[in-house]
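Below is a short report on one protein chain.

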Amino acid sequence: MKILLWSVGKENDAYVKAGVDDFTRRLSRYFPTEWRLIPPPKNATADLKKKEGEVLLSLLTKDDFLVALDERGKQFTSENLAHFIQMRANSGGKNLIFLIGGVYGLDPAVLARADHHWSLSQLTLPHQLVRLVLAEQLYRACTILRNEKYHHP
């Protein structure tokens, strides 16, 4: 299984980039992992979310397992996230995609396509910080699966 981390928006600022790169490198020891930053569509004003949705849906294949990060999604404990990742790995799926939407969230069509909706927090977080938290939590989940010392319950 490959873990793909997709985010709509600009490149990471320096204060986030080092952490995202570090946790992505660590996560890659467990599963092939890569980021894809998807620029928002140009010249889309009122219908920005819809156009972003069309772009995102065009990038997905029918076999991709899509986890939409959404404030109305289900929250995980770190242990539950580890179990979720193990279940996905055991299913034999090719790609597990975690998707962070744009500034206005995800289009309803993308949310309808998602196989799972995950809320990182009830707090509103900056998108770049979500990238860092996502990479760290996925790494933490993998260390839990391997019973390594990083996670201290």
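## Aromatic cluster

Which residues form one aromatic cluster? Phe 65, Phe 76, Phe 84, Phe 98 and Trp 118 do. The model is a predicted one.

## Aromatic pairs

The structure holds seven aromatic pairs. One of them joins Tyr 30 and Tyr 139. This pair is tilted, at 6.1 Å centre to centre and 55° between the planes. Tyr 30 sits in the loop between α1 (14-27) and β2 (33-38), and Tyr 139 in helix α5 (residues 127-145), so the pair ties together parts 109 residues apart in sequence. Both Tyr 30 and Tyr 139 are buried.

Phe 98 and Trp 118 make an edge-to-face pair. Their centres are 5.8 Å apart, with 70° between the planes. Phe 98 belongs to strand β4 (residues 95-100) and Trp 118 to strand β5 (residues 116-118), so this pair ties together parts 20 residues apart in sequence. Phe 98 is buried, with a relative accessible area of 0%. Trp 118 is buried too, at 3%.

## Charges over rings

Two arginines deserve a look. The charged end of Arg 36 sits over the ring of Trp 6, 5.7 Å from its centre. Arg 88 lies over the face of Phe 65, at 3.7 Å from the ring centre. Phe 65 is also one of the residues of the aromatic cluster.

## Helix α2

Helix α2 (residues 48-59) has twelve residues. From first C-alpha to last, α2 reaches 17 Å, close to the 16 Å expected at 1.5 Å a residue.

Which residues of α2 are buried? Leu 48, Glu 52, Gly 53 and Leu 56 are. Seen down the axis of α2, the buried residues fall within an arc of 130°, so they line one face of the helix. The general rule is that an α-helix has 3.6 residues a turn, so residues three or four places apart point the same way. The cover over the buried residues of α2 includes β1 (2-8), β2, β4 and α4 (108-113).

## Overall fold

The protein chain has five helices and five strands. Along the sequence they follow the pattern β-α-β-α-β-α-β-α-β-α. Among contacts with a separation of 6 or more, 85% are between residues 24 or more positions apart.

How does the radius of gyration compare with that of a compact globule, and what is its value? A compact globule of 153 residues would have a radius near 15 Å, and the protein chain has 15 Å, which agrees. The C-alpha trace spans about 50 × 35 × 25 Å along its principal axes. Of the 153 residues, 44% count as buried.

Key: Residues are numbered from 1 along each chain as its sequence is written. This is a predicted model: local features need pLDDT of at least 70, side-chain atom pairs count only at pLDDT 80 or more; totals for chains, interfaces and linings use all residues. Side-chain values use heavy atoms; hydrogens and water are left out. Rings of Phe, Tyr and Trp (its six-membered ring) pair if their centres lie within 6.5 Å; planes under 30 degrees apart count as stacked, over 60 as edge-to-face and the rest as tilted. Helices (H or I, at least four residues) and strands (E, at least two) are DSSP runs, numbered from the N terminus. Buried means under 20% relative accessible area, exposed over 50%, partly exposed in between (1.4 Å probe, protein chains only). A charge sits over a ring if NZ of Lys or CZ of Arg is within 6 Å of the ring centre and within 35 degrees of the ring normal. The expected span of a helix is 1.5 Å times one less than its number of residues. The arc is that of the directions from the helix axis to the C-beta atoms. Contact means heavy atoms within 4.5 Å. The radius of gyration is taken over C-alpha atoms; the globule rule is 2.2 Å times the number of residues to the power 0.38.
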